[in-house]
Amino acid sequence: MQDKIRWYPIWRCHVQDYAPLGADTSDLTQQMTFRNNLDGESIRIRLSNLYGKEPLPISDLQVTVSEKKINFFTDKKADAVRTMTVNSSPGIILSPGEECMTDPVFLPVKAGELVTVRMTFPGKCHISGCCGFHSENIGNVMFQEKKDRIEAAEISRAAAKNFSPHVVFGIRSIEAASREKPVILAAFGDSIVQQGYWAGALQRKFAEFMPNWLLYNEGISGNRVLYNNHSSSELNPIFGKAGIRRFEKDVFSSCHPDIVMIAEGVNDLVHPGNGSPLSEMVTAGDLIGGLEKLCGMTEKNGSIPLIATISPFLGYNEIKDRQREEIRQKVNEWIRHMPYFLDVDACVRSRFDASCLDSKYDIGDHLHLNALAGDVISAEAIPVLKKIMEKETAV
């Protein structure tokens, strides 16, 4: 037990610039439920209009804790519902780019319980920044517009295109005040992280048999280690700043993780000539140098780097040249000599051709992974994570 209560992120995802795939809403109410994994005494929420192009009004913000899933839309009674305020006000209008923290509310929560947050965006809103993911293990999201249930695809172009079938508006993180010291894992990377298949599977496994382990997701679709978004793709704004430029702010600005999993690099190999200039093609030395910088920043901030090998991509957007594959193999060989690594490549590559994804783990485009791959990777990750903490905390 700690002498001092501290705030920890029991749910946190990266807010992306979804301007190309924005959402248009009218008196929208959002309910998001996730499984908590930390004993806490109070809750607060970091509200976000990051990347918003218009003011974002938020009202009727409520949070509840329950053992079983509840539905605010139909269940009129809940065990413990708290109304949340911002500077003692029941509502707020977030300016474009603004984030703020709610006032904390006393609401005891235990590991294994479900936390549900409900909020309303009154009037007509165009929302261009949000958290998006594929796995329901990250959170279950429901919407109601003008008192009628509505699917995410009816309001969000990202969901309609299946780019991110699950979206969460207005929230950056949900935090609990606790005397316990959790083990915190930050997952940093690209769309394979952002989708949440392996990160969500890890969160589910934490909740099943590893209480007080927390994970937050700092993945961005299309993100590269070395280059900023620089693409002719419609989705270019989503891709974000280069990993080496956004890393410290995104990973360490409001939390201090014990372990940072660095799972990035595939886009440095597949984007050049596929939307980005071919002149931005990297060498193995370039990419290794960028990953070394990320590891150095992790250690400088007092955390432990855990690097994931780069999974296969041959066939994605008709990529067939072996030069990119040779670079991937050289980078992976370097990663396998790091103190701590997670061999994602070995988990998902084809046993017939190591330069390709195994078809049973392929979401369908020869690059992105599916839910089954997430289960396999998370199962591989658990003993690695335990080993790190046992070794690093040994007296």
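Which residue in β20 does Ile307 stand opposite? The residue opposite Ile307 is Phe341 in β20, where helices (H or I, at least four residues) and strands (E, at least two) are DSSP runs numbered from the N terminus. The model is predicted, so that local features need pLDDT of at least 70 and side-chain atom pairs count only at pLDDT 80 or more, while totals for chains, interfaces and linings use all residues. Residues are numbered from 1 along each chain as its sequence is written, and side-chain values use heavy atoms, with hydrogens and water left out.

Of its 5 residues, 5 are buried, so β19 is largely enclosed by the rest of the structure; buried here means under 20% relative accessible area, exposed over 50%, and partly exposed in between (1.4 Å probe, protein chains only). Ile304, Leu306 and Ala308 are buried on one side of the strand, and Pro305 and Ile307 are buried on the other, which leaves both faces covered.

Two strands count as paired if DSSP finds at least two bridges between them. β18 and β19 run parallel and are joined by 4 bridges, with Ile307 in β19 as the bridge partner of Ile262. β19 also pairs in the parallel sense with strand β20 (residues 341-342), over 2 bridges. Together with helix α8 (residues 322-335), β19 and β20 make a right-handed β-α-β unit, the crossover being right-handed if, with the strands pointing away from the viewer, the path from the first strand over the helix to the second runs clockwise.

Glu218 is buried at 0% relative accessibility, and Arg172 is buried with a relative accessible area of 9%.

Another salt bridge joins Asp258 to Lys181, where the closest N and O atoms are 3.4 Å apart. This pair links distant parts of the chain, 77 residues apart, with Asp258 in the loop between α5 (243-252) and β18 (259-263) and Lys181 in the loop between β15 and β16 (183-189). Asp258 counts as buried at 18% relative accessibility, whereas Lys181 counts as partly exposed at 44%.

Terms used:
Salt bridge = Lys/Arg side-chain N within 4 Å of Asp/Glu carboxyl O.
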